[in-house]
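Thank you all for coming; before I say anything, please take a moment with the sequence and the model on the screen.

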Amino acid sequence: MADAPGYPMARDSRCPFHPPEGVRRLTAEEPVSKVRIWDGSTPWLITRHADQRALMNDPRLSIDEKLPGFPHMTRGRAETAKVTPALITNTDAPEHTRLRRMVNAPFTVKRVEALRPAIQKITDDLIDAMLAGPKPADLVTALGLPVPTLVISELLGVPYEESEFFHRNSTVAVSHSASEQEAQEAGAALYGYLDGLLGQKTAAPADDML
């Protein structure tokens, strides 16, 4: 993300996921503003939570990343989007609704509650590793990123011994600091892996999302 006029958006070099320091100022002074991104385009930046919620529920907005002018945050994501199939994360209704219906079952209150012990163990293990590691620790990379990735692995039925591969490639695929080639290679590795895993689950179904 490049600087918006009057608002320095420099990132903390220690962590590529650290929010730009200018975001706090924008939230207070100009919560709806334009910024310049890598391709020179100037999409809107919405920094207040209430505004973000309102927009996410507004049917006039689209998440179809194949639409002209869609604000891809990296060149790699823009290239990957050209060949990405229809997903919950890149389609609008009615296709989004159809896809969402297909995966609703694992997210019922009862099923999510049953995951509590596994999620607790994932979180505890990561906290233990963070406390035993170098100081200071980076909370985002040590806990914030791996927890959702490992929980998704649990939901999908990714074997525990392969969760590191899943986490590593998932992180690179969505990273703003990954190169175009790195993002494409990580995405291809994930698609290939999930394709093979689907084949295994078809032959021997298990009690998971796949």
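First, the ground rules. This is a predicted model, in which local features need pLDDT of at least 70 and side-chain atom pairs count only at pLDDT 80 or more, while totals for chains, interfaces and linings use all residues. Residues are numbered from 1 along each chain as its sequence is written, and side-chain values use heavy atoms, with hydrogens and water left out.

On confidence, the chain averages a pLDDT of 84, and 90% of the residues score at least 70, where pLDDT is the predictor's confidence in each residue, from 0 to 100. Over residues 1-17 the pLDDT stays under 50, although the model has 47 contacts beyond four places in sequence for them, a contact being heavy atoms within 4.5 Å. Where pLDDT is low, the predicted coordinates should not be read in detail.

Now the chain as a whole. There are 10 helices and 2 strands, both taken as DSSP runs numbered from the N terminus, with at least four residues of H or I for a helix and at least two of E for a strand. From the N terminus on, the order is α-β-β-α-α-α-α-α-α-α-α-α. The C-alpha trace spans about 55 × 45 × 35 Å along its principal axes. Of the 210 residues, 30% count as buried; buried means under 20% relative accessible area, exposed means over 50%, and partly exposed is in between, with a 1.4 Å probe and protein chains only. Among contacts between residues at least 6 apart in sequence, 45% join residues at least 24 apart.

Let me turn to helix H8, residues 146-156. H8 is mostly covered, with 8 of its 11 residues buried: these are Pro146, Val147, Thr149, Leu150, Val151, Ser153, Leu155 and Leu156. Just after H8, Gly157 takes a positive phi of about 95°.

Two packed helices are described by the angle between their axes and the distance between the axes. The axes here are lines fitted to C-alpha atoms, for helices over the stretch in contact, and the angles run from 0 to 180 degrees between N-to-C directions. H8 and H9 pack at an angle of about 125°, with their axes 10 Å apart, which means that H8 is oblique to H9; angles under 35 degrees count as roughly parallel, over 145 as roughly antiparallel, 65 to 115 as roughly perpendicular and the rest as oblique. In this contact Pro146, Thr149, Leu150, Ile152, Ser153 and Leu156 of H8 meet Ser163, Phe166, His167 and Ser170 of H9. By class, those residues divide into 5 nonpolar, 5 polar and no charged, where Ala, Val, Leu, Ile, Met, Phe, Trp, Tyr, Cys and Pro count as nonpolar, Asp, Glu, Lys and Arg as charged, and the others, Gly among them, as polar.

H6 and H8 pack at an angle of about 145°, with their axes 10 Å apart. Here Ala118, Ile119, Ile122, Thr123 and Leu126 of H6 meet Pro146, Val147, Leu150, Val151 and Glu154 of H8, and the contact has 8 nonpolar, 1 polar and 1 charged residues.

Within helix H9, residues 163-174, we find Ser170. Is Ser170 buried or exposed? Ser170 counts as buried because its relative accessibility is 15%, and, leaving aside neighbours within four places in sequence, Ser170 is in contact with Thr149 and Leu190. Val172 also lies in H9, but at 28% relative accessibility Val172 counts as partly exposed. Beyond four places in sequence, the contacts of Val172 are Ala178, Glu182, Ala183 and Ala186; Val172 and Ala186, 14 residues apart in sequence, are 6.2 Å apart from C-alpha to C-alpha.

Finally, the loops. Lys66 sits between helix H2 (49-56) and helix H3 (75-81), is partly exposed at 47% relative accessibility, and touches Ala81, Lys82 and Thr84 when neighbours within four places in sequence are left aside. There are also cis peptide bonds to point out: one runs from Ala93 to Pro94, with omega near 10°, Pro94 being in the loop between H3 and helix H4 (95-102). Another runs from Lys135 to Pro136, with omega near -5°, and Pro136 is found in the loop between H6 and H7.
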